[in-house]
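Here's a quick briefing to read alongside the model. Have the viewer open and follow along by topic.

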Amino acid sequence: MKLFFRICTLTVSLFAFWLIYQKDLGISNGIINYVAAWPNGDKVGHFFLFGFLSFCAVLATNFKKASNSRYVPIYLASLVVCIIVILEECSHLLFKTRTFEIADIMANILGIMTFSYIAYGIDSVYKLSVMEQQAESNQ
């Protein structure tokens, strides 16, 4: 299963980099045009693209945490994705074809947080089922 999520992470990363490359060069494509046609489609795209990337990366790294807090887990993969997307958004200041928007950064962060929370739920359910299986085998 870990291999599947590694492949997903790689695929989503390549897709995101391809979209970023297209936008940096000012090249329009069907995907960009389709999402841009929705109200706030750009923000929705940021939310889901980078949220899903974070989700896949968290599962691919087997829920490795950057912090040991019980209450607010910070997954290493989510932290890395967050740093990369903030730097990428700041790079828009270097291109005439791009615009820097705080709203894009917020959509990225909200997507990463939401999908990280979903990953946390999956991790919690998995750990609970493992604990139940261990308890049953000890009886």
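Contact here means heavy atoms within 4.5 Å. Helices (H or I, at least four residues) and strands (E, at least two) are DSSP runs, numbered from the N terminus. Buried means under 20% relative accessible area, exposed over 50%, and partly exposed in between (1.4 Å probe, protein chains only). This is a predicted model, where local features need pLDDT of at least 70 and side-chain atom pairs count only at pLDDT 80 or more, while totals for chains, interfaces and linings use all residues. Residues are numbered from 1 along each chain as its sequence is written, and side-chain values use heavy atoms, with hydrogens and water left out.

**Overall fold**

- Along the principal axes, the C-alpha atoms fill a box of roughly 65 × 25 × 25 Å.
- Of the 139 residues, 35% count as buried.
- Take the contacts between residues at least 6 apart in sequence: 65% of them join residues at least 24 apart.

**Helix α1**

- α1 has 23 residues and reaches 32 Å from its first C-alpha to its last. That is close to the 33 Å expected at 1.5 Å a residue, where the expected span is 1.5 Å times one less than the number of residues.
- Its buried residues are F5, C8, T9, V12, S13, A16, L19, I20, Q22 and D24.
- What covers the buried residues of α1 includes α2, α3 and α4.
- Just after α1, G26 takes a positive phi of about 75°.

**Salt bridges**

- A salt bridge is a side-chain nitrogen of Lys or Arg within 4 Å of a carboxyl oxygen of Asp or Glu. By this rule the count comes to six.
- K43 pairs with D42 at 3.0 Å, N to O, and D42 is partly exposed because its relative accessibility is 33%.
- K43 also bridges to E101 at 2.8 Å, N to O. This pair links distant parts of the chain, with K43 in helix α3 (residues 41-60) and E101 in the loop between α4 (76-90) and α5 (102-138), 58 residues apart. E101 has 28% relative accessibility, so E101 counts as partly exposed.
- E88 and R98 meet at 3.9 Å, N to O. Here E88 sits in helix α4 and R98 in the loop between α4 and α5, ten residues apart. E88 counts as buried because its relative accessibility is 13%, and R98 is buried at 13% too.
- Salt bridges that share partners join D42, K43, E101 and D104 into one network.

**Largest pocket**

- A pocket is found on a 1 Å grid over the protein atoms alone, as an open set of points where a 1.4 Å probe fits, with protein on both sides within 12 Å along at least five of seven lines; lining residues have an atom within 4 Å of a point.
- About 540 Å³ of space lies in the largest pocket, the volume being the space filled by probe spheres set on grid points that are joined across faces, edges and corners.
- The lining holds 24 residues, of which L19, K23, I32, D42 and H46 lie nearest the centre.
- The elements giving two or more residues to this lining are α1 (2-24), α2 (30-36) and α3. The largest share, seven residues, comes from α3.
- By class, the lining has 13 nonpolar, five polar and six charged residues. Nonpolar covers Ala, Val, Leu, Ile, Met, Phe, Trp, Tyr, Cys and Pro, charged covers Asp, Glu, Lys and Arg, and the others, Gly among them, count as polar.
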